[in-house]
Amino acid sequence: MLSSEELLARARSKAFGHDSELNDLITAALDATDDSHEIGRLLVARALSLQGRGDATEPALAAQAAATHSRAAGDLPIAAFASSMAAVFLDQTGELHNAMEHAVDALIMLSDVEVDEVEAVRASLAVSGFFMRLGAFDLAVEVGRRAFDGACLVEGVPADLVAFSFGYIAAEGGHVTTDEQVRRFRLDHATDAASHLRDRGCDPVARDLLASGLFGEIDLANGVLPDSAGLAASEPLYDDAAPDLVAWHRSVRGMAALSNGDPMLAIELLDVAIPGLEASSDNHCLVRAIEQRGRAHAALGAFDDAYADASRLATMTRHWHLDQIGELAGQVARRAELERASSAWQHTAQKLADDIDSDPTTGVRSRRWLDRVLDEIEREDGTAWALMFDLDRFKIINDTYGHHVGDEVLARFGTLLHAAAGTSTAIARFGGEEFVVIIRSVAGDVEAGTNFAEQIRLSTATHDWESIAPGIDLTVSCGVASGPRSEIKQLLVSADDALLDAKRLGRNRVSHAADTLDRAEIRWPAPAPT
């Protein structure tokens, strides 16, 4: 049986083509191991072997699972690469929010990996592709260039794949901009990548098909007549190339044919290419292909067909606008630009991560962040306090004053928690009106959790809530538990049980877990108190 490294290398070597046996080999290897390190690498191989086949659902699932296993095994470079792939594939399946989270995770992990790491090059390239799809081309080209430069220097990286992907991103950036200086800058990058493929490509698919397609894209973006004959000469390689690449190359040939005055050939090629572009979710190229086919129909006098393409194009772009993809891309690009003015590009990822990890209503950390921190605390030595807070009769506030007032109350309570917190305190909104506080115990301070809980209870009871709305009177109940950090999730279950006791005893009180670890049933996530 082949090792995970051999299967991963085989998947990478077939990035532009087919290997019908590979998935069966990967499945057999996965069935034969329970080691997270091995599983992570095998799942990366699976994601790579499934890419370029149209539907991105399966490679997305494989990449997400790979990131989880690799991170658990401490294999940070592979975990970063897997997260970056997950971002790209999830974006293709329409799960933009999840895709953004994985892209941010990848960038954060990359900040802890040396730039000349093989997997760092691959991860940078995948994240570059993700930002390209969002339309954030400045960031996409910058990160993609890092990947391309690294691929030319580091052994073990598929330089052809990196060169093509970066060249495609840069060329697409040249198509979309109206700034002539920016266009030249991006197309210079694309030319570097195309020249690398032509002069140093490892196989005919790279040297001929990919290089010719990129040079064709560059000519189209520059308004120069492409070499249609040279593009057509690569057609015999279609059987050896991945379907997504074939669809893209056909679209370039179709657009080149139109530029060279052959609208009939353009329609013939684009008719075949467009379904493949749709299947691969290559929206930037798809828009250009439909627009060019409409021009070809009009050139032949087929105005009904031209109108159909124009209508479809308008519908597509309108849907993108409604989904706010363009706005999100602009936010990412602006945020990246602001961060680059004062710090390394990784800080852009940290800012995005802070946004995702924060609860927008209260300003404290989110449940997503809490789950990750609990995993970290479990691996620490020492003891900790787990506190579960619940605002008493909060539903009455929402029902009486409206949710906008309820949100203000939640935000104010989050401020009270922050004001009392120390450097060893973690605060997160657990859900609804529940909040979790974790305090890492300091030697000799045996009352830290109790004191914090009582301080919050008293400050809540005496706070001027009527400054928000007349008649508001608010109290809070809390459950407290303490014990080893390695049992932090069980401690939260105990704190949650203690919170239920505080509620049953009349609210506005702090209740301690009688026995924080001796539980008949360990549950996480803990259920919300009623």
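Strand E4 (residues 476-484) and strand E5 run parallel and are joined by three bridges; helices (H or I, at least four residues) and strands (E, at least two) are DSSP runs, numbered from the N terminus. Two strands count as paired if DSSP finds at least two bridges between them. Glycine 479 has serine 511 in E5 as its bridge partner.

The model is predicted: local features need pLDDT of at least 70, side-chain atom pairs count only at pLDDT 80 or more, and totals for chains, interfaces and linings use all residues. Residues are numbered from 1 along each chain as its sequence is written, and side-chain values use heavy atoms, with hydrogens and water left out.

E4 and E5 belong to an open sheet of five strands with mixed pairing, in the order E2-E3-E1-E4-E5. At the edges stand E2 (425-431) and E5, each with a single partner strand, so one side of each has no neighbour in the sheet. On average, neighbouring strands of this sheet are turned by 20° against each other, direction ignored. Helix H19 (residues 367-378) packs on the sheet, where it touches E2 and strand E3 (434-440), and its direction makes about 135° with that of E2. Contact here means heavy atoms within 4.5 Å; axes are lines fitted to C-alpha atoms, for helices over the stretch in contact, and angles run from 0 to 180 degrees between N-to-C directions.

Most residues other than glycine have a negative phi. Arginine 393, however, has a positive phi of about 50°, and this residue lies in the loop between strand E1 (383-391) and helix H20 (394-401). Arginine 507 has a positive phi of about 70° and is placed in the loop between helix H23 (488-504) and strand E5 (510-512).
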